[in-house]
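Reader: I am new to this structure, and I would like a friendly walk through it. Could you show it to me?

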Amino acid sequence: MSIHIVALGSECPGGVGPGEEPMGQGQLQGGLLWSYLGHGALVGPCDPEGSVNNPAFMEYTSRVFGDVTVVVRDCPSWDLLDSDWASVRKVLEQADILVIKYAVTDKLAFQQVRNGYAPRLRPLLRHWGVPVILVAVGARLNDEGPPCTCPLCASDWSSCVPHSEGLQLSRDLGATYLELPSLNHVFVSRYFGSVLEYFMIQCLKHKAKERPDKRRGNKVNELRPPHLEQPARLPPIRVEESSFSQDMQWLLERGVQFADVAFYSGDCGKELGWAHAAVLCAVSPYFRQLLLGPKTRERPQSRCVCREREGGPHSLLSTWDGSIIDDLPQSDGHVTGRLTRLVVKDPLLCMCLWETLMFIYRGAWEWEHLQEALEEKLKNSLAVAQLMERIRSLLSRDRSSRDTPSARAAQLGPQTLVNLFNSPLYSDVIFMVQGSVLPAHRAVLVARCDVMAAMFSGKYAEARSRVVPIHGVSSDTFLSFLEYLYTDSCCPASVLQAMAVLVCAEMYQVKRLQHLCEVCVCAYLQSMPSRELSSTGISVVRLLRRAKCHNAEQLYIWLLHFIANNYLIFSHKPDFLELSEEEREQVERLRWPSRGYLQELSEYQQRRRKLRKSRCLVM
């Protein structure tokens, strides 16, 4: 094999002008490519018949990688190319790699290349797809930046080619850009040589693919194994978008039946709105101190422990003076049908109480939306900034850490209710599941589950009872179901646990939880290797039956494709016979490997055996 390299331009300032003779062998030995090739380079055409007769090019050859011939055609001056552009184009057509050189200190020659010859080369290079290396040789005294006032630096700045201009020219030509401070052996071999050898290796690989292989040509009639297609891609499981914020907003707007906190104006005593103590305490430490503060009967008018702090959030709210003492929390943190009345003492908070409560209920993380709502309501940037500061004081444990990521991390989206999950704080219902006691909050259940809303809002026994028994579901499964209602997430520990939660989600018509369980089942099965699938005690066919029975359509279709993709494993199991006729037809249609491939493989193996026997007889 051979590689043809065409080099254009001169590494030395000035180069060879028009009317001058091309450089001789002495000048050639100081060039870039000659320095790379070393002492093995020989001047003269290696193939006189194939060489192009153009006096502008100096041709010399060498060997790289042991047995690869490198043919270099070097033209030191661009002006010499104008004499016979047709023959120059023939030289460029034979090039495997093109090297363009210029001296950093010769700005006039660079401008000539950029303005005159680059537009002529650009369409040819794009058409041929030849790799190009643009090399800038030399050092600048004043590299980049504004020129100095001294004459020496100013003259250097105006006469040298900046790095940015060389880089732009390389982008226009689609070239690899290199800068060599000098033609030192280290720079030439380490930087230029590495790039040149990379392109030479790529060129050799490309030529090896195009060259016909004699060995393969003798094996045209040899038997080839059948081609096995990849298995069909499993259908995706689509999960509905989270509706946690919308559910909590519905609770604030329409869940008055389960509200146990009322807000009143501090000026006129007018009722401003309703809320739920469980949600307020889960989101805000300040509300937790206010509603669950000192249990003294002597001073029921205020239960805020922040009273001693000057200018603290205690100046925003207080309990109603002379309120009923029976509304104090009991030992288990539950208020039995009592109403806590809070007085809003801050006028700005009084005006924007609804926007503040909406922000808290939607997860206390949409600060930008809250600011927009307050700006639309107050029409005063100073008042908005003051109210935003007070709302932050309501939601932060410590005023000094209210803007830290750790302080806001506990107030993001569904995680606001994580403190209420399986907690007796303000719980007003207890589920009895297989002897386990699971406290919950009707307000959260009603907002998150339509079946729970009908159960606690209608004329059912659960609406009037504090203890609600649950049958047909294990305690772990129902606890996972409640965890989703409070945190909007679910992580079952196994395939069977995920299927159990899926059944519970279908029972209470929580569609998104059902989709999440389907994703978990698919992830667990897909992560099993083939050996574990063949020996596992989990029956995929029975999972298919349960998915169809409990309206998990996406999981049902996915399991059919999963059985078809692993046909050789599941077809030998006894429960494969439990598939219906329609299901078996669909699995047979989608099976991998297909029947046609197995038949072709069998025929190929038979022919191989016959061929081996015939060779043995000949021997």
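Predicted model: local features only at pLDDT ≥ 70, side-chain atom pairs only at ≥ 80, totals over all residues.

Reader: Is Asp74 buried or exposed?
Author: Strands (E, at least two residues) and helices (H or I, at least four) are DSSP runs, numbered from the N terminus. Buried means under 20% relative accessible area, exposed over 50%, and partly exposed in between (1.4 Å probe, protein chains only). With a relative accessible area of 3%, Asp74 is therefore buried.

Reader: Which side chain does the side chain of Asp74 join in a polar contact?
Author: A polar contact is a pair of N or O atoms within 3.5 Å; within protein, one must be able to donate a hydrogen and the other to accept it, and residues adjacent in sequence count only if both atoms are side-chain atoms. At 3.1 Å, the partner of Asp74 is Lys101.

Reader: How many of the 9 residues of helix 13 are buried?
Author: Helix 13 covers residues 353-361 and is largely enclosed by the rest of the structure. Among its buried residues are Leu353, Phe359 and Tyr361. The buried number in helix 13 is 8 of the 9.

Reader: Which residue with a positive phi follows helix 13?
Author: The phi in question is near 120 degrees. The residue that follows helix 13 is Gly363.

Reader: Is Asp488 buried or exposed?
Author: Asp488 sits in the loop between helix 19 (475-487) and helix 20 (495-507). Its phi is positive, about 65 degrees, although Asp488 is not a glycine. Because its relative accessibility is 9%, Asp488 counts as buried.

Reader: And is Gln434 buried or exposed?
Author: Look in the loop between strand 12 (429-433) and strand 13 (436-440) for Gln434. Gln434 also has a positive phi, near 50 degrees, in a residue other than glycine. Since the relative accessible area of Gln434 is 59%, this residue is exposed.

Reader: Which residue does a cis peptide bond join to Trp592?
Author: The omega of this bond is about 0 degrees.

Technical notes: Residues numbered from 1 in each chain as written. Heavy atoms only, no water.
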